[in-house]
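Me: Here is a model I would like to learn to read. Please take me through its features one at a time.

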Amino acid sequence: MAGRNVAMREAIRRALQEEMRRDENVFVMGEEVAYWQGTHRVTRGFLEEFGERRVRDTPISEMAIGGVAVGAAMAGLRPVAEFMTINFAFLALDAIANHAGKVRYFFDGMFKVPLVYRAASGWGNQATASHSHSPEPIFAHFPGVYVGCPSNSMDAYGMLKTSIRDDNPVLFTESIALYPKPGPMPDDEDTDYLIPIGKGDIKREGSDVTLVAYARGVDWALQAARQLAREGVEAEVVDLRWLRPLDMDLVYSSFKKTNRCVIVEESLPMYSFGSEIAALLQEHMFDYMDAPIKRVAAEDVPLPYSKEIELLALPDAQKVADAVKEIV
Amino acid sequence: MASPSKDMLLDWYRQMVLIREFEETCHRLYEEKRITGVYMHLYSGHEASGIGSMAALRPSDHVITAYRDHGIALILGMDPGAVMAEMMGKKTGSSGGKGGSMHLASAEHNFWGGYAIVGGHLPLAAGIALEARYRGSDDVTMTYVGDGATNNGYFHESLNMSSIWDLPVVWIIENNGYGMGTEVNRASGQIELHRKAEAYGIKSFGRVNAQDALEVYAVATQAVDYARKHGPAVVEHVTYRYRGHGVSDKQYDSREDMSAELREWMDCREPIKILRDQILKKHTGVKAVLAAHEEDAKRIVKGAVEFAEASELPTTYQELFQNTYVHSKMVHKTDMSVGAGID
């Protein structure tokens, strides 16, 4: 029997709390994770339960947060380091890409780096340009770090648990817009519910077009699919869940059935998730392709403050449905 | 002041002449194109800095450094053959040919490696020290930092974090006068670099003439003891690099002021000569031992070069991809088409 619905924020909190109870080596560090109880309330109650040793407030020092996690992981701990938002993780890109992702390689397997970087991601709510990014593909560009981006509570729970238990570094992004969204959970007793790294999921079956998405894009794809169904078009929604490694077999098997594809993402369009999936599809599925691959992404512009034009820049379900109608 | 035994001093001499022979051989092999990497930063001139400070450690302590890492590796006891093979990118290299000159490491010696992004290893050092604190161990992490790194964000963030968390780190600033080609006084508003650490509440043991291994050792023992008991310590080692920033540094050929400066350091502050004089002043009947160490250094490095040159290069895709990730049952599949890695 499935557990009752909980918000994605609570699913993540529960996964992290259970993993800390299970393994003494797991600890959290980041800005405002302890006394503030987490900027997004994911670490609510942690300080009281686990104490300052395992719930470590850091100064506003993203480069150090990124790198301290690498050193602690190499030495045998399992840090879960939080970037308050992914916008601030740009400051730690060297620690993530050049150190977390390469230490194992350039020492030819001498060390493991079992860490998780958590980062709240996404745009909207008039957060303004520098606080409005969904740049998961930038971090997925580099070999050595896995990237997980859940779209709902159950996935977030299972994916975070796997990320913490795996011996590789994982960047785990959490869409701010999805934090309050309720969703079903695994059985209450199943604290070992794990979703393998790189395993995608069909969120809705359909035969006319494949919608490939991750994180918040899955919501827009599912909304568009419901709207399209009323108009007689059955869309299949593939939630890749992980940007690295990519479960392209899942995309290919869906595409062989539908022969059409729209890629949906919250991120910017240039050098993007959509670019990558489209390139792989034309390279490997050319004989199955009945229409151009379409991409729905944010507009190629910094995000403004003012509400109306901010919404213009964002993708939504209508934009997805419109793109589908151009190719079916 | 800590007084090292005769055996210790003789062993330092052994290490010092081995490093010098190794580094000068690397330089020659680079000039002869038998070592082909673009980057190679030699420890010639710095020897007393590493030897004197690491002599204050115990085996369970940790060491991490930047890219001028050959000397550190040899002091810790890494096999010169495996290190030389790494210079040549061979399978038998200490990093399997994946890392090269700047990425030597040895888990068995608690040597957490050499790192190539200036300052990039500083938070790693804090993380390694955090693991010790987390477990209640008093092992220290000795961290070598170049003067240039004191100007970037990693330095300030890492030192500050080591201070607020009382991490057992000894920050050794190896001030050799230049960050690549820029003099310290053109790069840093505070030219007494250890004072930057003091700004974060870190205990400073001041500046040390790091051409004198005895002086380095005396201060390092205090700094290590302090870090073990209390928290981070800093020492500034004033030293000089004999082979420039890296092997491609041609400044010393074109700038008379710099070549004069180099000659002055080599003539008046040569660490091998200083140590040799100190040993001979204090101990008799050791000349033969010193000579034997010099001969051994030549023999060992010659053997290392022969071993490295006889070793094979990695050549396959399997070798290219392996160790990108830990092989894990929790990973669903890898996708070769986008190079997601095999293991």
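Reply: Start with pLDDT, the predictor's confidence in each residue, from 0 to 100. Chain B averages a pLDDT of 95, and 97% of its residues score at least 70. Residues 335-343 of chain B fall below 50, yet this stretch has 26 contacts in the model beyond near neighbours in sequence. Contact means heavy atoms within 4.5 Å. The model scores ipTM 0.96 and pTM 0.96.

Me: What conventions apply?

Reply: This is a predicted model, where local features need pLDDT of at least 70 and side-chain atom pairs count only at pLDDT 80 or more, while totals for chains, interfaces and linings use all residues. Residues are numbered from 1 along each chain as its sequence is written, chains are lettered from A and ligands numbered from 1 in the order in which they are written, and side-chain values use heavy atoms, with hydrogens and water left out.

Me: How many residues of chain A are in contact with chain B, and how many of chain B with chain A?

Reply: The size of an interface is often given as the accessible area lost when the parts come together. Here buried area is that loss for a 1.4 Å probe, summed over both parts. In this model, 62 residues of chain A touch 52 residues of chain B. The two chains bury about 4800 Å² between them, with 64% of it on carbon and sulfur atoms. On the chain A side, A:Met63, A:Tyr105 and A:Asp108 lose the most area, together 14% of what that side buries.

Me: Which domains does the assignment give for chain A?

Reply: Domain bounds come from an automatic or database domain assignment. For chain A it gives domain 1 (5-184) and domain 2 (201-327). Their centres, taken over C-alpha atoms, are 26 Å apart. The contact takes 32 residues from domain 1 of chain A and 27 residues from domain 2 of chain A. These two domains bury about 2400 Å², of which carbon and sulfur atoms give 58%.

Me: And for helix packing, at what angle do α1(B) and α13(B) pack?

Reply: Helices are DSSP runs (H or I, at least four residues) and strands likewise (E, at least two), numbered from the N terminus. Axes are lines fitted to C-alpha atoms, for helices over the stretch in contact; angles run from 0 to 180 degrees between N-to-C directions. Helix α1 (residues 6-31) and helix α13 (residues 287-310) of chain B pack at about 35°, axes 9 Å apart. Among the residues that meet are B:Leu10 and B:Phe22 in α1(B), and B:Val289 and B:Ile300 in α13(B).
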